[in-house]
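The structure is shown first, and the text follows.

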Amino acid sequence: MILKIQLSEETSFKNIKNSNVSKLLTCTVYIFDFVLKISEEEPEIVPLLTPQEQLELRAQKLTEKKLHMASLSSAVLADPHVNIKKLKELRAMLMETDPCVAVTVRKLVMVSLLEVFKDIVPSYRIRPLTEEEKAAKVKKETLQLREFEEGLVSQYKFYLEDLEQTVKDWKQKKQKRSQAVSLQSYKGLAEVAIRCICDLLVALPHFNFHNNIVVMVVPLMRDSVKKVSEMCCGAVSKLLKQDKLGQASLAVVKVISGMVKGRNYNVKPEVLNCLLCLRIKEVEMRKDTEDTAPKKKFMSFKEKRTNLSRMQRKWKKAEEKLQKELLEAEASESKDKKIKLHTETLNIVFLIYFRILKKAQKSILLPSVLEGLARFAHLINLEFFDDLLSVLYGLITSGDLTYRESLHCILTSFHILSGQGDVLNIDPLKFYNHLYKTLLTLHAGGRNEDTAIVLQCLDVMLTKRRKQVTLQRAQGFLKRLSTLSLHLLPDSSVGILAANRALMHTFPKCDILLDNEMQGSGVYLPELDVPEYCNPQNTALWELHLLKRHYHPMVRKFAAHLMKGAPSEGSGALSMELSRRTPVQLFEDYSVKDMSFNPPVAGPPSKKKEHFTIGDAFLDSELKTLINAALQNESELTSLDFTSQQTQQETRMTAN
């Protein structure tokens with residue numbers, strides 16, 4: 001531009017009148033000026049580096065960044081109230097623009113900030129100050145604490161926004177202008193960001209913006225990437241397990257309910273499986289015991305005056321005052337608030353389950369719904385019992401369910417009847433008949449996990465409802481279970497035989513099945529689907545003789561134990577450890593899911609090779625001397641000549 005001005009001054013000084021020449025001169029000046037600018041903006045030519053030099057340069061840069069991150073983090077952790085502003089400097093490293101180390105540095109900064117926040121965040125929620133509180137004069141320490149809390153909340157908010165933006169960029173595949181991070185690297189950055197969000201969800205449920213974290217994590221539970229969905233489902237399950245107050249659980253359940261309804265029930269079953277981790281059963285049971293517990297009664301003034309002296313009345317008054325204060329502290333509003341939160345949470349959970357039962361009976365979520373109903377059945381209102389049992393039986397008879405789903409329906413029904421349903425006059429005969437009819441569906445080539453649900457059903461249907469079960473029904477189940485144990489894997493056979501043991505203890509008259517004599521008229525009808533009318537008393541448990549020669553030692557032990565009548569004491573009794581284990585626990589103890597024999601098979605005994613030991617192993621000195629002499633004379637021995645010996649024999653025979 002300077003050259004342009006100078007030339008224009010010279011042209012005006014010489015009074016150039018030719019317009020064409022002046023235009024040409026002006027264009028030439030503009031071109032020269034443009035070329036000059038380009039030459040100034042051109043970067044210096046950097047010599048090309050070899051791959052080894054590039055790696056060394058990257059390692060050097062990365063080490064410098066790590067040291068800088070470590071120094072900032074250490075300073076904040078050493079004195080958070082003074083060095084809270086260094087969090088901003090550490091967070092600024094999330095915007096690293098050097099393509100050589102950008103991805104690694106951003107990942108390290110995310111994790112570093114996560115650990116710093118987990119250490120310095122207080123154990124309470126920080127609320128914003130009012131205008132009056134800001135205008136009021138406070139002490140220096142209070143002012144410093146306010147500045148710390150304000151800076152902590154703002155930096156924590158910006159950190160969460162950065163993590164959320166990282167996940168959004170990965171989902172939207174949005175390329176940044178700086179191009180420091182390639183599209184291929186977005187997935188790794190997003191996974192680290194999601195892991196940090198999940199850790200904050202579990203570690204800081206009491207702090208600010210926790211509901212925002214819940215809103216971020218819950219939609220990712222149904223993500224198509226398996227690793228991401230597993231991380232989020234695991235974090236939510238862990239949060240629900242450790243939540244004692246109920247606020248975080250309520251927030252999670254509300255978001256899950258909205259997501260399930262908004263997605264038209266198109267979510268993964270793992271999302272609903274997380275609801276099984278809710279800690280509601282314990283609190284509701286504690287509430288019931290508190291309501292039924294007798295309240296503390298204090299002496300009236302008349303009783304005190306009649307029974308106590310003046311000094312005793314004085315001490316009694318002070319004691320009652322202290323007791324009242326303690327009772328007020330125990331019966332604080334936090335306990336009532338907790339029960340209220342859990343009640344609201346449970347209502348939303350049942351709303352999710354009933355919606356799916358009503359509108360999406362063929363959904364893949366049905367097994368999770370049935371399992372959840374079985375888990376919380378004791379808390380369902382009595383008004384819904386009759387309708388719910390009708391729906392469950394309709395699902396069983398529809399034929400659309402798998403065997404595992406039908407087992408969940410049966411288990412749910414009996415959980416309902418074993419809780420508050422005891423007051424209802426309902427005979428679940430159709431559920432007994434369905435389970436009896438479908439027991440032989442189990443076999444060694446099917447799903448071995450279904451055995452655990454069958455064992456739970458047998459426990460809640462027969463053992464816990466012993467007063468409502470007839471002897472013929474118990475005998476029918478005992479015979480069919482013995483037949484079933486012949487064609488199952490060894491762990492399932494152990495569980496079934498343990499269930500038979502529990503049946504024989506619950507119904508002692510079942511021991512007639514160990515005798516060959518018939519009781520009454522008729523013959524056993526194994527093809528009949530009703531246990532009461534199949535004449536089980538006219539058969540015997542001959543299956544135990546086959547199981548007594550089973551290849552699995554525990555099956556043999558239980559078969560021999562049952563053949564002797566399942567005694568609790570004596571020579572045929574089980575060990576104390578085995579007798580205390582439930583059928584489900586024994587099934588899990590001897591599980592073969594790892595495709596290994598449990599207990600392991602003992603190997604063949606090792607045979608020692610017989611070999612002759614020479615040398616210093618001999619303790620007898622005389623024997624050692626003889627051996628050494630024999631070894632030395634071995635070289636002097638002449639070889640055997642069988643030809644000469646044969647010639648000598650022939651000569652002797654000729655002479656004779």
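## Helices H23 and H25

Helix H23 (residues 490-506) and helix H25 (residues 553-563) cross at roughly 20°, and their axes come within 9 Å. Axes are lines fitted to C-alpha atoms, for helices over the stretch in contact, with angles from 0 to 180 degrees between N-to-C directions. H23 is therefore roughly parallel to H25; angles under 35 degrees count as roughly parallel, over 145 as roughly antiparallel, 65 to 115 as roughly perpendicular, and the rest as oblique. Helices are DSSP runs (H or I, at least four residues) numbered from the N terminus.

The crossing of H23 past H25 is left-handed, meaning that the near helix is turned anticlockwise from the far one by less than a right angle. On the H23 side the contact (heavy atoms within 4.5 Å) uses Pro490, Ser493, Val494, Leu497, Ala498, Asn500, Arg501 and Met504, and on the H25 side Met554, Val555, Phe558, Ala559, His561 and Leu562. By class, the contact of H23 with H25 has 10 nonpolar, 3 polar and 1 charged residues. Ala, Val, Leu, Ile, Met, Phe, Trp, Tyr, Cys and Pro count as nonpolar, Asp, Glu, Lys and Arg as charged, and the others, Gly among them, as polar.

## Basis of the values

The model is predicted: local features need pLDDT of at least 70 and side-chain atom pairs count only at pLDDT 80 or more, while totals for chains, interfaces and linings use all residues. Residues are numbered from 1 along each chain as its sequence is written, and side-chain values use heavy atoms, with hydrogens and water left out.

## Helices H19 and H20

Helix H19 (residues 403-418) and helix H20 (residues 429-438) have axes that come within 11 Å and cross at roughly 150°. This angle makes H19 roughly antiparallel to H20. Their contact joins Tyr403, Ser406, Leu407, Ile410, Ser413 and Phe414 of H19 to Phe431, Tyr432, His434, Leu435 and Thr438 of H20. The contact of H19 with H20 has 7 nonpolar, 4 polar and no charged residues.

## Helices H8 and H9

Helix H8 (residues 186-203) packs on helix H9 (residues 210-217) at an angle of about 135°, with axes 10 Å apart. H8 is therefore oblique to H9. Ile197, Leu200 and Leu201 in H8 meet His210, Ile213, Val214, Met216 and Val217 in H9. These contact residues divide into 7 nonpolar, 1 polar and no charged.

## Cavity

The structure holds 1 cavity of 30 Å³ or more. A cavity is a set of points on a 1 Å grid over the protein atoms alone where a 1.4 Å probe fits but cannot get out; lining residues have an atom within 4 Å of a point. The largest cavity has a volume of about 40 Å³, volume being the space filled by probe spheres set on the points, which are joined across faces, edges and corners. Its lining consists of Leu240, Asp243, Ser249, Leu278, Arg279, Ile280, His342 and Thr345.

How values were computed: On a 1 Å grid over the protein atoms alone, a cavity is a set of points where a 1.4 Å probe fits but cannot get out, and a pocket is an open set with protein on both sides within 12 Å along at least five of seven lines; lining residues have an atom within 4 Å of a point. Helices (H or I, at least four residues) and strands (E, at least two) are DSSP runs, numbered from the N terminus.
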